[in-house]
Amino acid sequence: MFESLSGKLDKAFKTLKGQGTITEINVATTAKEIRRALVDADVNYKVAKDVTDKIKDEALGRNVLVSVSPGQLFVKITNEELTRLMGGEKKDINIGGDPAVILISGLQGSGKTTFSGKLARMLKSQGRQVLLTACDIYRPAAIDQLKVLGEQIGVDVYAEPENKNAIEIANNALKHAKATGKKIVIVDTAGRLAVDEQMMQEIESLKNAVKPSETLFVVDSMTGQDAVNTAKTFNDRLDFDGVVLTKLDGDTRGGAALSIRSVVEKPIKFISTGEKMEAIDVFYPDRMANRILGMGDVVSLVEKAQEAFDEEESRKLNKKIRQNKFDFDDFLSQLEQIKKMGNVKDLLGMIPGMGKALKGIDIDDDSFKPIEAIIRSMTLNERANPEIIDGSRRKRIADGSGTSIQQVNNLMKQFSDMRKMMKAMNKMGGGKRAMANLA
Ligand code: GDP
(Lines give C-alpha, C1' and ligand atoms only; values in the text may rest on other atoms or scores of the structure.)
Protein backbone atom coordinates (compact mmCIF):
# COMPACT_ATOMS: atom_id res chain seq x y z
CA MET A 1 0.00 0.00 0.00
CA PHE A 2 1.40 3.40 -1.00
CA GLU A 3 4.84 1.89 -1.45
CA SER A 4 6.08 4.16 -4.20
CA LEU A 5 4.65 7.32 -2.63
CA SER A 6 6.36 6.43 0.65
CA GLY A 7 9.65 5.88 -1.17
CA LYS A 8 9.47 9.20 -3.02
CA LEU A 9 8.53 11.18 0.06
CA ASP A 10 11.42 9.58 1.88
CA LYS A 11 13.72 10.75 -0.90
CA ALA A 12 12.32 14.26 -0.69
CA PHE A 13 13.07 14.43 3.05
CA LYS A 14 16.59 13.15 2.44
CA THR A 15 17.30 16.37 0.53
CA LEU A 16 17.13 18.09 3.87
CA LYS A 17 19.20 15.54 5.72
CA GLY A 18 22.47 16.91 6.94
CA GLN A 19 21.29 20.46 6.50
CA GLY A 20 21.33 22.30 9.80
CA THR A 21 18.70 24.92 9.18
CA ILE A 22 15.54 25.47 7.26
CA THR A 23 15.90 28.10 4.59
CA GLU A 24 13.48 29.36 1.99
CA ILE A 25 15.51 27.61 -0.67
CA ASN A 26 15.62 24.13 0.83
CA VAL A 27 11.97 24.38 1.88
CA ALA A 28 10.94 25.28 -1.65
CA THR A 29 12.95 22.40 -3.13
CA THR A 30 11.62 19.83 -0.70
CA ALA A 31 8.04 21.05 -1.08
CA LYS A 32 8.36 20.76 -4.83
CA GLU A 33 9.60 17.19 -4.54
CA ILE A 34 6.75 16.31 -2.21
CA ARG A 35 4.30 17.78 -4.71
CA ARG A 36 5.80 15.71 -7.50
CA ALA A 37 5.60 12.56 -5.37
CA LEU A 38 1.93 13.24 -4.63
CA VAL A 39 1.05 13.94 -8.27
CA ASP A 40 2.93 10.79 -9.35
CA ALA A 41 0.86 8.84 -6.86
CA ASP A 42 -2.26 10.13 -8.62
CA VAL A 43 -3.19 12.87 -6.20
CA ASN A 44 -5.21 15.54 -7.94
CA TYR A 45 -2.84 18.39 -8.92
CA LYS A 46 -4.77 21.13 -7.17
CA VAL A 47 -4.99 19.08 -3.98
CA ALA A 48 -1.25 18.34 -4.13
CA LYS A 49 -0.50 22.03 -4.62
CA ASP A 50 -2.70 23.09 -1.70
CA VAL A 51 -1.03 20.57 0.56
CA THR A 52 2.52 21.48 -0.34
CA ASP A 53 1.78 25.23 -0.08
CA LYS A 54 0.57 24.60 3.45
CA ILE A 55 3.59 22.46 4.27
CA LYS A 56 5.84 25.23 2.98
CA ASP A 57 4.14 27.92 5.07
CA GLU A 58 4.23 25.75 8.16
CA ALA A 59 7.89 24.86 7.74
CA LEU A 60 8.95 28.46 7.28
CA GLY A 61 6.85 29.51 10.23
CA ARG A 62 8.39 26.96 12.52
CA ASN A 63 12.08 27.38 11.80
CA VAL A 64 12.56 28.65 15.30
CA LEU A 65 12.50 25.09 16.56
CA VAL A 66 16.07 24.08 17.12
CA SER A 67 15.51 20.76 18.86
CA VAL A 68 14.64 18.82 15.71
CA SER A 69 16.44 18.56 12.41
CA PRO A 70 14.86 20.14 9.33
CA GLY A 71 14.24 16.64 7.96
CA GLN A 72 12.36 15.55 11.07
CA LEU A 73 10.39 18.77 11.18
CA PHE A 74 9.34 18.32 7.56
CA VAL A 75 8.21 14.75 8.16
CA LYS A 76 6.16 15.95 11.11
CA ILE A 77 4.55 18.79 9.17
CA THR A 78 3.87 16.56 6.17
CA ASN A 79 2.31 14.01 8.50
CA GLU A 80 0.00 16.67 9.97
CA GLU A 81 -0.97 17.97 6.53
CA LEU A 82 -1.65 14.48 5.12
CA THR A 83 -3.79 13.71 8.18
CA ARG A 84 -5.73 16.92 7.68
CA LEU A 85 -6.09 16.23 3.95
CA MET A 86 -7.59 12.81 4.67
CA GLY A 87 -10.14 14.29 7.06
CA GLY A 88 -8.40 14.70 10.42
CA GLU A 89 -10.57 12.67 12.75
CA LYS A 90 -11.94 9.16 12.24
CA LYS A 91 -15.66 9.32 11.36
CA ASP A 92 -18.03 6.57 12.49
CA ILE A 93 -20.98 5.29 10.49
CA ASN A 94 -24.47 6.06 11.74
CA ILE A 95 -26.34 2.92 12.75
CA GLY A 96 -29.33 4.57 14.37
CA GLY A 97 -32.84 3.35 13.44
CA ASP A 98 -34.94 0.27 13.91
CA PRO A 99 -33.62 -1.36 11.90
CA ALA A 100 -30.79 0.90 10.74
CA VAL A 101 -30.27 0.74 6.98
CA ILE A 102 -26.83 0.96 5.41
CA LEU A 103 -27.02 1.49 1.65
CA ILE A 104 -23.99 0.38 -0.36
CA SER A 105 -23.50 2.19 -3.67
CA GLY A 106 -20.80 2.21 -6.34
CA LEU A 107 -19.86 0.97 -9.79
CA GLN A 108 -19.91 -2.69 -10.77
CA GLY A 109 -16.69 -4.41 -9.77
CA SER A 110 -15.75 -1.76 -7.23
CA GLY A 111 -16.08 -4.33 -4.45
CA LYS A 112 -19.58 -3.57 -3.09
CA THR A 113 -20.65 -7.14 -2.48
CA THR A 114 -17.33 -8.11 -0.92
CA PHE A 115 -17.43 -5.03 1.28
CA SER A 116 -21.04 -5.69 2.32
CA GLY A 117 -19.90 -9.07 3.61
CA LYS A 118 -16.91 -7.57 5.41
CA LEU A 119 -18.98 -4.87 7.07
CA ALA A 120 -21.58 -7.43 8.15
CA ARG A 121 -18.84 -9.58 9.66
CA MET A 122 -17.34 -6.61 11.48
CA LEU A 123 -20.71 -5.49 12.92
CA LYS A 124 -21.56 -9.06 13.89
CA SER A 125 -18.27 -9.39 15.76
CA GLN A 126 -19.36 -6.33 17.75
CA GLY A 127 -22.40 -8.32 18.83
CA ARG A 128 -24.92 -6.73 16.47
CA GLN A 129 -27.75 -8.51 14.66
CA VAL A 130 -27.24 -7.96 10.95
CA LEU A 131 -29.19 -8.82 7.79
CA LEU A 132 -27.60 -8.65 4.35
CA THR A 133 -29.92 -7.82 1.46
CA ALA A 134 -29.22 -8.55 -2.21
CA CYS A 135 -30.71 -5.77 -4.32
CA ASP A 136 -28.60 -6.33 -7.42
CA ILE A 137 -31.49 -7.10 -9.75
CA TYR A 138 -29.34 -7.32 -12.88
CA ARG A 139 -26.67 -9.78 -11.86
CA PRO A 140 -28.10 -13.04 -10.50
CA ALA A 141 -24.52 -14.08 -9.73
CA ALA A 142 -24.29 -11.21 -7.24
CA ILE A 143 -27.13 -12.75 -5.23
CA ASP A 144 -25.31 -16.08 -5.08
CA GLN A 145 -22.06 -14.34 -4.21
CA LEU A 146 -23.73 -12.59 -1.26
CA LYS A 147 -25.33 -15.84 -0.13
CA VAL A 148 -21.96 -17.60 -0.14
CA LEU A 149 -20.39 -14.76 1.86
CA GLY A 150 -23.32 -14.75 4.28
CA GLU A 151 -22.88 -18.45 4.90
CA GLN A 152 -19.16 -18.04 5.39
CA ILE A 153 -19.56 -15.33 8.04
CA GLY A 154 -22.76 -16.65 9.60
CA VAL A 155 -25.02 -13.73 8.64
CA ASP A 156 -28.52 -14.14 7.13
CA VAL A 157 -29.03 -12.97 3.56
CA TYR A 158 -32.39 -11.74 2.27
CA ALA A 159 -32.95 -12.17 -1.49
CA GLU A 160 -35.78 -12.50 -3.99
CA PRO A 161 -34.11 -13.84 -7.14
CA GLU A 162 -37.26 -13.54 -9.27
CA ASN A 163 -38.13 -9.99 -8.26
CA LYS A 164 -36.83 -7.18 -10.48
CA ASN A 165 -38.00 -4.35 -8.26
CA ALA A 166 -35.17 -3.32 -5.93
CA ILE A 167 -37.39 -1.05 -3.80
CA GLU A 168 -39.83 -3.86 -3.18
CA ILE A 169 -37.03 -6.26 -2.22
CA ALA A 170 -35.51 -3.69 0.15
CA ASN A 171 -38.85 -2.97 1.80
CA ASN A 172 -39.52 -6.68 2.22
CA ALA A 173 -36.05 -7.06 3.71
CA LEU A 174 -36.86 -4.38 6.29
CA LYS A 175 -40.04 -6.21 7.24
CA HIS A 176 -38.10 -9.45 7.47
CA ALA A 177 -35.49 -7.74 9.67
CA LYS A 178 -38.16 -6.46 12.05
CA ALA A 179 -39.79 -9.85 12.26
CA THR A 180 -36.50 -11.60 12.98
CA GLY A 181 -35.03 -9.03 15.38
CA LYS A 182 -32.25 -7.79 13.12
CA LYS A 183 -31.04 -4.32 14.04
CA ILE A 184 -28.98 -3.45 10.95
CA VAL A 185 -29.85 -4.08 7.30
CA ILE A 186 -27.02 -3.78 4.80
CA VAL A 187 -28.39 -3.24 1.28
CA ASP A 188 -26.06 -4.30 -1.56
CA THR A 189 -27.17 -2.59 -4.79
CA ALA A 190 -26.71 -2.99 -8.53
CA GLY A 191 -23.82 -1.22 -10.18
CA ARG A 192 -22.90 -0.54 -13.79
CA LEU A 193 -19.53 -0.54 -15.44
CA ALA A 194 -19.76 3.21 -15.90
CA VAL A 195 -21.99 5.93 -14.54
CA ASP A 196 -25.31 5.99 -16.38
CA GLU A 197 -28.53 7.88 -15.82
CA GLN A 198 -30.76 4.86 -15.27
CA MET A 199 -28.51 3.48 -12.55
CA MET A 200 -28.39 6.85 -10.83
CA GLN A 201 -32.18 7.15 -10.89
CA GLU A 202 -32.56 3.65 -9.51
CA ILE A 203 -30.23 4.10 -6.60
CA GLU A 204 -31.64 7.55 -5.89
CA SER A 205 -35.18 6.22 -5.63
CA LEU A 206 -33.98 3.25 -3.58
CA LYS A 207 -32.37 5.69 -1.18
CA ASN A 208 -35.55 7.77 -0.93
CA ALA A 209 -37.59 4.64 -0.29
CA VAL A 210 -35.49 2.99 2.43
CA LYS A 211 -34.15 6.18 4.07
CA PRO A 212 -30.79 4.79 5.13
CA SER A 213 -29.05 6.13 8.22
CA GLU A 214 -25.82 5.64 6.31
CA THR A 215 -25.13 5.66 2.58
CA LEU A 216 -21.66 4.48 1.65
CA PHE A 217 -19.96 4.91 -1.70
CA VAL A 218 -17.56 2.10 -2.59
CA VAL A 219 -14.72 2.90 -4.96
CA ASP A 220 -11.86 0.88 -6.42
CA SER A 221 -8.70 2.81 -5.55
CA MET A 222 -6.89 1.29 -8.52
CA THR A 223 -8.98 3.43 -10.88
CA GLY A 224 -6.92 6.54 -10.06
CA GLN A 225 -8.39 9.91 -10.99
CA ASP A 226 -11.50 8.19 -12.34
CA ALA A 227 -12.26 7.26 -8.75
CA VAL A 228 -12.46 10.93 -7.86
CA ASN A 229 -14.73 11.75 -10.81
CA THR A 230 -17.06 8.84 -10.07
CA ALA A 231 -17.20 9.89 -6.43
CA LYS A 232 -18.23 13.39 -7.50
CA THR A 233 -21.03 12.11 -9.74
CA PHE A 234 -22.41 9.76 -7.10
CA ASN A 235 -22.19 12.43 -4.43
CA ASP A 236 -24.09 14.98 -6.53
CA ARG A 237 -26.99 12.55 -6.80
CA LEU A 238 -26.88 10.62 -3.55
CA ASP A 239 -25.26 13.01 -1.09
CA PHE A 240 -23.62 9.96 0.47
CA ASP A 241 -22.23 9.91 4.01
CA GLY A 242 -18.92 8.20 3.55
CA VAL A 243 -16.45 6.59 1.20
CA VAL A 244 -15.07 3.05 1.18
CA LEU A 245 -11.75 2.63 -0.62
CA THR A 246 -11.20 -0.91 -1.88
CA LYS A 247 -8.24 -2.80 -3.33
CA LEU A 248 -5.62 -0.81 -1.49
CA ASP A 249 -3.64 -4.06 -1.30
CA GLY A 250 -3.05 -3.95 -5.03
CA ASP A 251 -0.24 -2.22 -6.81
CA THR A 252 -2.10 1.03 -6.49
CA ARG A 253 -0.62 4.48 -6.37
CA GLY A 254 -3.25 5.34 -3.80
CA GLY A 255 -3.50 9.02 -4.64
CA ALA A 256 -7.24 8.81 -5.04
CA ALA A 257 -7.40 8.04 -1.35
CA LEU A 258 -5.73 11.32 -0.65
CA SER A 259 -7.81 13.43 -3.03
CA ILE A 260 -11.37 12.09 -2.64
CA ARG A 261 -11.90 13.52 0.79
CA SER A 262 -11.03 17.07 -0.19
CA VAL A 263 -12.75 16.96 -3.58
CA VAL A 264 -16.15 15.64 -2.43
CA GLU A 265 -15.81 16.75 1.19
CA LYS A 266 -17.02 13.42 2.51
CA PRO A 267 -14.98 11.31 4.90
CA ILE A 268 -13.37 8.00 4.04
CA LYS A 269 -14.79 5.56 6.57
CA PHE A 270 -13.34 2.18 5.64
CA ILE A 271 -10.55 0.72 3.58
CA SER A 272 -10.45 -2.73 2.12
CA THR A 273 -7.15 -4.48 1.53
CA GLY A 274 -7.87 -7.93 0.17
CA GLU A 275 -10.41 -10.50 -0.83
CA LYS A 276 -10.60 -12.14 2.59
CA MET A 277 -13.52 -11.21 4.83
CA GLU A 278 -11.07 -9.99 7.50
CA ALA A 279 -9.32 -7.54 5.18
CA ILE A 280 -11.21 -4.43 6.26
CA ASP A 281 -10.05 -1.50 8.37
CA VAL A 282 -11.81 1.46 9.87
CA PHE A 283 -10.11 4.48 8.30
CA TYR A 284 -8.00 6.60 10.63
CA PRO A 285 -6.45 9.57 8.79
CA ASP A 286 -3.56 9.88 11.27
CA ARG A 287 -2.68 6.20 11.13
CA MET A 288 -2.80 6.26 7.35
CA ALA A 289 -0.48 9.28 7.25
CA ASN A 290 1.92 7.39 9.51
CA ARG A 291 1.84 4.45 7.16
CA ILE A 292 2.42 6.59 4.08
CA LEU A 293 5.41 8.20 5.73
CA GLY A 294 6.83 4.82 6.72
CA MET A 295 6.26 5.51 10.38
CA GLY A 296 4.26 2.33 10.83
CA ASP A 297 0.90 1.81 12.41
CA VAL A 298 1.38 -0.21 15.55
CA VAL A 299 -2.04 0.66 16.94
CA SER A 300 -3.86 -0.98 14.00
CA LEU A 301 -1.54 -3.96 14.16
CA VAL A 302 -2.31 -4.58 17.82
CA GLU A 303 -6.03 -4.17 17.20
CA LYS A 304 -5.91 -6.71 14.38
CA ALA A 305 -4.04 -9.13 16.57
CA GLN A 306 -6.58 -8.73 19.34
CA GLU A 307 -9.39 -9.41 16.93
CA ALA A 308 -7.81 -12.49 15.34
CA PHE A 309 -6.34 -14.13 18.39
CA ASP A 310 -8.57 -16.34 20.38
CA GLU A 311 -8.23 -15.54 24.10
CA GLU A 312 -8.62 -19.14 25.23
CA GLU A 313 -5.96 -20.22 22.74
CA SER A 314 -3.61 -17.46 23.94
CA ARG A 315 -4.03 -18.55 27.55
CA LYS A 316 -3.21 -22.15 26.64
CA LEU A 317 -0.24 -21.00 24.63
CA ASN A 318 1.08 -18.86 27.48
CA LYS A 319 0.90 -21.84 29.76
CA LYS A 320 2.81 -24.03 27.33
CA ILE A 321 5.47 -21.39 26.87
CA ARG A 322 5.89 -21.06 30.61
CA GLN A 323 6.24 -24.82 30.97
CA ASN A 324 8.64 -24.85 28.06
CA LYS A 325 6.34 -27.08 26.03
CA PHE A 326 5.86 -24.89 22.96
CA ASP A 327 5.89 -27.33 20.03
CA PHE A 328 5.50 -27.43 16.26
CA ASP A 329 1.72 -27.76 16.48
CA ASP A 330 1.60 -24.50 18.41
CA PHE A 331 3.87 -22.95 15.83
CA LEU A 332 1.52 -24.05 13.06
CA SER A 333 -1.53 -22.64 14.80
CA GLN A 334 0.30 -19.33 15.30
CA LEU A 335 0.94 -19.17 11.56
CA GLU A 336 -2.75 -19.82 10.93
CA GLN A 337 -3.69 -16.95 13.23
CA ILE A 338 -1.29 -14.55 11.54
CA LYS A 339 -2.74 -15.46 8.16
CA LYS A 340 -6.24 -14.76 9.47
CA MET A 341 -5.20 -11.20 10.23
CA GLY A 342 -5.04 -10.39 6.52
CA ASN A 343 -2.39 -9.51 3.97
CA VAL A 344 0.97 -10.42 5.50
CA LYS A 345 2.97 -7.73 3.75
CA ASP A 346 0.53 -5.03 4.82
CA LEU A 347 0.72 -6.32 8.37
CA LEU A 348 4.50 -6.22 8.40
CA GLY A 349 4.33 -2.74 6.87
CA MET A 350 2.51 -1.55 9.97
CA ILE A 351 5.69 -2.05 11.99
CA PRO A 352 7.67 1.23 12.03
CA GLY A 353 10.55 1.15 9.57
CA MET A 354 9.42 -2.15 8.05
CA GLY A 355 7.59 -0.61 5.11
CA LYS A 356 10.84 0.68 3.67
CA ALA A 357 12.70 -2.54 4.38
CA LEU A 358 10.05 -4.56 2.55
CA LYS A 359 9.96 -2.40 -0.54
CA GLY A 360 10.17 -4.56 -3.63
CA ILE A 361 10.17 -7.78 -1.62
CA ASP A 362 7.42 -10.18 -2.45
CA ILE A 363 5.76 -11.53 0.68
CA ASP A 364 2.38 -13.11 0.72
CA ASP A 365 0.58 -15.94 2.42
CA ASP A 366 2.45 -18.31 0.11
CA SER A 367 5.70 -17.40 1.87
CA PHE A 368 4.56 -19.56 4.76
CA LYS A 369 3.80 -22.54 2.55
CA PRO A 370 7.19 -24.33 2.80
CA ILE A 371 7.15 -23.94 6.59
CA GLU A 372 3.64 -25.29 6.82
CA ALA A 373 4.49 -28.15 4.45
CA ILE A 374 7.51 -29.10 6.57
CA ILE A 375 5.52 -29.12 9.81
CA ARG A 376 2.68 -31.07 8.22
CA SER A 377 5.15 -33.70 7.04
CA MET A 378 6.20 -34.37 10.62
CA THR A 379 4.48 -37.09 12.62
CA LEU A 380 2.41 -35.96 15.59
CA ASN A 381 5.09 -37.37 17.85
CA GLU A 382 7.78 -35.34 16.06
CA ARG A 383 5.72 -32.17 16.29
CA ALA A 384 5.29 -32.59 20.02
CA ASN A 385 8.90 -33.67 20.62
CA PRO A 386 11.08 -31.81 18.12
CA GLU A 387 14.27 -33.06 19.80
CA ILE A 388 13.75 -36.55 18.32
CA ILE A 389 14.03 -35.19 14.76
CA ASP A 390 17.42 -36.53 13.70
CA GLY A 391 19.18 -36.59 10.34
CA SER A 392 17.20 -39.41 8.76
CA ARG A 393 13.91 -37.96 9.96
CA ARG A 394 14.92 -34.59 8.48
CA LYS A 395 15.54 -36.23 5.11
CA ARG A 396 12.15 -37.96 5.22
CA ILE A 397 10.44 -34.67 6.17
CA ALA A 398 12.19 -32.78 3.36
CA ASP A 399 11.15 -35.41 0.82
CA GLY A 400 7.61 -35.51 2.13
CA SER A 401 7.17 -31.75 2.04
CA GLY A 402 8.89 -31.17 -1.29
CA THR A 403 11.52 -28.96 0.36
CA SER A 404 15.27 -29.35 0.83
CA ILE A 405 17.12 -30.64 3.88
CA GLN A 406 18.60 -27.15 4.13
CA GLN A 407 15.10 -25.67 4.50
CA VAL A 408 14.20 -28.23 7.16
CA ASN A 409 17.46 -27.51 9.00
CA ASN A 410 16.77 -23.78 8.88
CA LEU A 411 13.34 -24.22 10.35
CA MET A 412 14.67 -26.56 13.08
CA LYS A 413 17.32 -23.98 13.94
CA GLN A 414 14.83 -21.10 14.04
CA PHE A 415 12.49 -23.14 16.17
CA SER A 416 15.23 -24.12 18.58
CA ASP A 417 16.39 -20.46 18.87
CA MET A 418 12.83 -19.43 19.56
CA ARG A 419 12.51 -22.03 22.30
CA LYS A 420 15.79 -20.92 23.85
CA MET A 421 14.58 -17.35 23.90
CA MET A 422 11.33 -18.38 25.54
CA LYS A 423 13.26 -20.37 28.13
CA ALA A 424 15.51 -17.42 28.88
CA MET A 425 12.51 -15.17 29.29
CA ASN A 426 10.90 -17.62 31.67
CA LYS A 427 14.09 -17.80 33.72
CA MET A 428 14.21 -14.04 33.99
CA GLY A 429 10.85 -14.29 35.70
CA GLY A 430 9.46 -11.67 33.42
CA GLY A 431 8.15 -14.35 31.11
CA LYS A 432 4.63 -14.16 32.29
CA ARG A 433 4.37 -10.47 31.78
CA ALA A 434 6.30 -10.40 28.53
CA MET A 435 4.24 -13.20 27.03
CA ALA A 436 1.00 -11.64 28.20
CA ASN A 437 2.03 -8.55 26.29
CA LEU A 438 2.75 -10.58 23.22
CA ALA A 439 -0.57 -12.38 23.28
P1 GDP B 1 -19.25 -5.44 -6.92
O2 GDP B 1 -19.55 -5.69 -8.36
O3 GDP B 1 -19.10 -3.98 -6.64
O4 GDP B 1 -20.19 -6.09 -5.97
O5 GDP B 1 -17.77 -6.04 -6.66
P6 GDP B 1 -17.33 -7.41 -5.99
O7 GDP B 1 -17.53 -7.35 -4.52
O8 GDP B 1 -17.94 -8.54 -6.71
O9 GDP B 1 -15.76 -7.36 -6.25
C10 GDP B 1 -15.19 -7.40 -7.54
C11 GDP B 1 -13.88 -8.16 -7.48
O12 GDP B 1 -12.92 -7.46 -6.69
C13 GDP B 1 -14.00 -9.52 -6.83
O14 GDP B 1 -13.19 -10.42 -7.53
C15 GDP B 1 -13.49 -9.31 -5.42
O16 GDP B 1 -12.96 -10.49 -4.87
C17 GDP B 1 -12.42 -8.27 -5.64
N18 GDP B 1 -12.19 -7.41 -4.47
C19 GDP B 1 -13.08 -6.74 -3.72
N20 GDP B 1 -12.47 -6.03 -2.75
C21 GDP B 1 -11.13 -6.26 -2.89
C22 GDP B 1 -9.96 -5.78 -2.20
O23 GDP B 1 -10.00 -4.99 -1.24
N24 GDP B 1 -8.76 -6.24 -2.66
C25 GDP B 1 -8.67 -7.10 -3.71
N26 GDP B 1 -7.46 -7.48 -4.08
N27 GDP B 1 -9.74 -7.54 -4.38
C28 GDP B 1 -10.96 -7.14 -3.98
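In the predicted model, strand E2 (residues 130-135) pairs with strand E4 in the parallel sense, over six bridges. Val-130 stands opposite Ile-184 in E4. Strand E1 (residues 100-106) also pairs with E4 in the parallel sense, here over five bridges. Within E4, Val-187 is the bridge partner of Leu-103.

Strand E4 spans residues 184-189 and is mostly covered, with six of its six residues buried. In a regular strand, side chains alternate between the two faces of the sheet. Ile-184, Ile-186 and Asp-188 point one way from E4. Val-185, Val-187 and Thr-189 point the other way. Residues of both sets are buried.

Lys-207 lies in helix H8 (residues 197-210). The C-alpha atoms of Lys-207 and Leu-103 are separated by 7.4 Å, although the two residues are 104 apart along the chain. With neighbours within four places in sequence left aside, Lys-207 is in contact with Leu-103, Pro-212, Thr-215 and Leu-238. Lys-207 counts as buried because 22 other C-beta atoms lie within 10 Å, against a cut-off of 20 or more.

A UniProt record, an unreviewed entry, places the feature "domain: SRP54-type proteins GTP-binding" at residues 267-280. Over residues 267-280 the chain is 43% strand and 0% helix. The end C-alpha atoms of this segment are 16 Å apart.

At the level of the whole chain, the domain assignment gives domain 1 (3-85), domain 2 (100-295) and domain 3 (302-438). The centres of domain 1 and domain 2, taken over C-alpha atoms, are separated by 34 Å. Their contact takes 17 residues from domain 1 and 19 residues from domain 2. On the side of domain 1 that touches domain 2, helix H1 (3-14) and helix H4 (70-85) each supply at least two residues. H4 gives the most to this side, with six residues. The side of domain 1 that touches domain 2 has nine nonpolar, six polar and two charged residues.

Notes
Residues numbered from 1 in each chain as written. Predicted model: local features only at pLDDT ≥ 70, side-chain atom pairs only at ≥ 80, totals over all residues. Buried ≥ 20, exposed ≤ 12 C-beta atoms within 10 Å, placed from the backbone. Helix = DSSP H or I, 4+ residues; strand = E, 2+ residues; numbered from the N terminus. Pairing = 2+ DSSP bridges. UniProt positions renumbered as here; feature names shortened; annotations may be inferred. Contact = placed C-beta atoms within 7 Å. Domains from an automatic or database assignment. Nonpolar A, V, L, I, M, F, W, Y, C, P; charged D, E, K, R; others polar.
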